[in-house]
Amino acid sequence: MAEVRPFRGLRYNREVVRDLGQVICPPYDVISREQQKILYHRSPYNIVRLEHGQELHGDDAGNNRHARAAAVLAEWLEKGVLRLDTAPSIYVHDHFFGENGRLKRRGFVACVRLEPPEKRAVLPHENTVSGIKSDRLMLLRACRTNISPIFVLYHDQSGRIAGILERATKAKPIADFTVPEGEGHRLWAITDTVFTEGISRVLDGQTLYIADGHHRYETAMAYQQEMRSKTASYTGQEGFNFIMMTLVSFDDPGLIIYPIHRMIQGLTSEAIGRLEKAFEDAFDVQYVTLDRAYDSARLLSETKGLFVVVGLVQGKAGICHMRADLDVDRMMPAERSSTYRRLAVSLLHHLVLDRLLEYSEGQGSITYTHDGVEACDAVREGACQVAVLLPATSPSTIKAIADSGDRMPGKSTFFYPKLPTGLVLNYLETSA
């Protein structure tokens, strides 16, 4: 099962970079173009230059953002902006968020051996998109570095890992800072083998569950195969056999999962009529005032609805329940797990959204947000025509999906807050 080990992290040299709050960034998939510009101007050493570099006019196969990222990384290594820690470590990370930083999520950063899903060491729960994996693979080839950790969940029913982490964090942190957006971060480097081996022993034989970072995990698997074929004296201990992860307990009180809502636009009036019929063919739709949809989590909890659709009827929100006279199991793919076939997001996609482009003649498009207020406002202001507000998925459901070997539709879960990029990097030219 999972093989977890310490590694020599590549970190910012505090003699060069005094304020880490100016140089870390979110993972690539949530950085908007506007935020990218802000991060570029925040510091000449902001990690966005590696994680999600700007595309420039005239970019080609030899001169592009991935090549520039590799050049920046080489320059920072040469000038000592980034440097390798001298001892293999497991890095404990406390992430403070919410009003006045009153909420905390604790994780630890380690390297984990890459294994295919059939080995059941690391299991996915969500589908991936080939274009994103291609982009991440080009970056990995160029930089040979895990720039951002993937987010993984583990079980700690005995509390042994929690106890180890609590004892380790009695020492002074190696980093303690706040980013301009208000989130706080503390980081400790555990080099004591009593602690690091204790963590590894608890996780030995466990299955880990990918929360966020499915594309990067599959990219790392592809890179591993490429490098293995090029390595004459392959040992299995090369750095490319491992990937950097931040591991968080399923029981951590700071583990928060938001739903990802769907916003639909570009539909003809005929397509909207067909969309309305598709919803009403599959679901009992109870209409309420649009204002009630602004707190969709509460509305769904009170009505036990599957999801809320906004925009089919002007000024109204429709609470959708499965129709009692329909055989859901017959309508959903037989090869999918029973958990999958009952998920609101699965029902929405299979019974309605997967047919959207078909009956809108390719004119419709779907965008995503984890902010239900933003989705309702988008409909009210005409920025989109229809929004579907989904419920959050519980950690136990994510585990059940992964354990069954199934995967949820892409963009089904939003783990909040996102892990920061730039606290620690994993330079694959060193062994794990």
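Reader: What makes a group of residues a nonpolar core here, and which members of the largest one touch the most others?

Author: A nonpolar core is a set of buried Ala, Val, Leu, Ile, Met, Phe, Trp, Tyr and Cys residues joined through side-chain atoms within 4.5 Å. The largest has 36 residues, and Tyr12, Ile47, Leu50 and Trp76 touch the most other members. Two or more residues each come from strand S2 (10-12), helix H1 (33-42), helix H2 (48-51), helix H3 (65-79), strand S5 (103-113), helix H4 (130-143), strand S9 (175-178) and strand S12 (242-249). H3 gives the most, with four residues. Apart from this core lies another, of 31 residues, including Ala110, Leu114, Ile190 and Met221.

A word on the source: this is a predicted model, where local features need pLDDT of at least 70 and side-chain atom pairs count only at pLDDT 80 or more, while totals for chains, interfaces and linings use all residues. Residues are numbered from 1 along each chain as its sequence is written, and side-chain values use heavy atoms, with hydrogens and water left out.

Reader: What makes something a helix or a strand, and how many of each are in the protein chain?

Author: Both are DSSP runs, numbered from the N terminus: helices are H or I with at least four residues, strands are E with at least two. The protein chain has 15 helices and 21 strands.

Reader: Which residues does Trp76 touch, leaving out those up to four places away in sequence?

Author: Contact means heavy atoms within 4.5 Å. Trp76 touches Tyr12, Pro44, Tyr45, Asn46, Ile47, Arg49, Leu50, Val81 and Leu82.

Reader: Why is Pro333 called buried?

Author: Buried means under 20% relative accessible area, exposed over 50%, and partly exposed in between (1.4 Å probe, protein chains only). Pro333 has 16%, so it is buried. Pro333 sits in the loop between helix H10 (328-331) and helix H11 (338-342). Leaving aside neighbours within four places in sequence, Pro333 is in contact with Arg341 and His350. Pro333 and His350 are 17 residues apart in sequence and 8.4 Å apart in space, C-alpha to C-alpha.

Reader: Asn100 and Lys411: why is each called exposed or partly exposed?

Author: Asn100 has a relative accessible area of 75%, so it is exposed. Lys411 has 39%, so it is partly exposed. Asn100 lies in the loop between strand S4 (90-97) and S5. Lys411 lies in the loop between helix H15 (395-403) and S20.

Reader: What is phi for Asn100 and for Lys411?

Author: Phi of Asn100 is near 60°, a positive value in a residue other than glycine. Lys411 has a positive phi of about 55°, although it is not a glycine.

Reader: Where is there a cis peptide bond?

Author: The bond from Tyr416 to Pro417 is cis, with omega near -10°. Pro417 lies in the loop between strand S20 (413-416) and strand S21 (426-427).

Reader: How do you know that the radius of gyration of the protein chain agrees with a compact globule?

Author: The radius is taken over C-alpha atoms, and the globule rule is 2.2 Å times the number of residues to the power 0.38. With 432 residues the rule gives near 22 Å; the protein chain has 23 Å, so the two agree. The C-alpha atoms fill a box of roughly 65 × 55 × 50 Å along the principal axes.

Reader: What share of the protein chain is buried?

Author: Buried residues make up 54% of the 432 residues.
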